[in-house]
Amino acid sequence: MNIKITELEQKVFNAIRECILNEDIYCCHIFGIADYCDLTIPQIKGCIGSMIKKNLVSEVEKNEFDTIPSTQFIKEGD
């Protein structure tokens, strides 16, 4: 199944990955994402919302994101 991703979503996705790799962290805050791309915070939030619906990123902590889809997280007891 091919998931269509916009150019802006691709920029945000790449920024999240770059942030995580460069900072040696497990997720990236929305302001950290902004440091790695040339988009505004509202643009980033819009792209993240869309990518969450497409299951391309997941919110790990409040306003902190990873490129691992949320379906890969297994909650205790499941």
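I take buried to mean under 20% relative accessible area, exposed over 50%, and partly exposed in between (1.4 Å probe, protein chains only). I note that this is a predicted model, in which local features need pLDDT of at least 70, side-chain atom pairs count only at pLDDT 80 or more, and totals for chains, interfaces and linings use all residues. Residues are numbered from 1 along each chain as its sequence is written, and side-chain values use heavy atoms, with hydrogens and water left out.

**Fold.** I looked up the secondary structure, with helices (H or I, at least four residues) and strands (E, at least two) taken as DSSP runs numbered from the N terminus. I find three helices and three strands, in the order α-β-α-α-β-β along the sequence.

**Confidence.** I read pLDDT as the predictor's confidence in each residue, from 0 to 100. The chain has a mean of 87, with 86% of residues at 70 or more. Helix H2 (residues 30-35) has the highest mean, 96, and strand E2 (residues 58-61) the lowest, 91. Over residues 71-78 the value stays under 50, and I record four contacts (heavy atoms within 4.5 Å) beyond four places in sequence for that stretch.

**Thr67.** I located Thr67 in the segment after strand E3 (64-66). I class Thr67 as buried because its relative accessible area is 18%. Beyond its neighbours within four places in sequence, Thr67 contacts Phe13, Ile16, Arg17, Leu56 and Val57.

**Whole chain.** I find that buried residues make up 32% of the 78 residues. Of the contacts between residues at least 6 apart in sequence, 51% join residues at least 24 apart.
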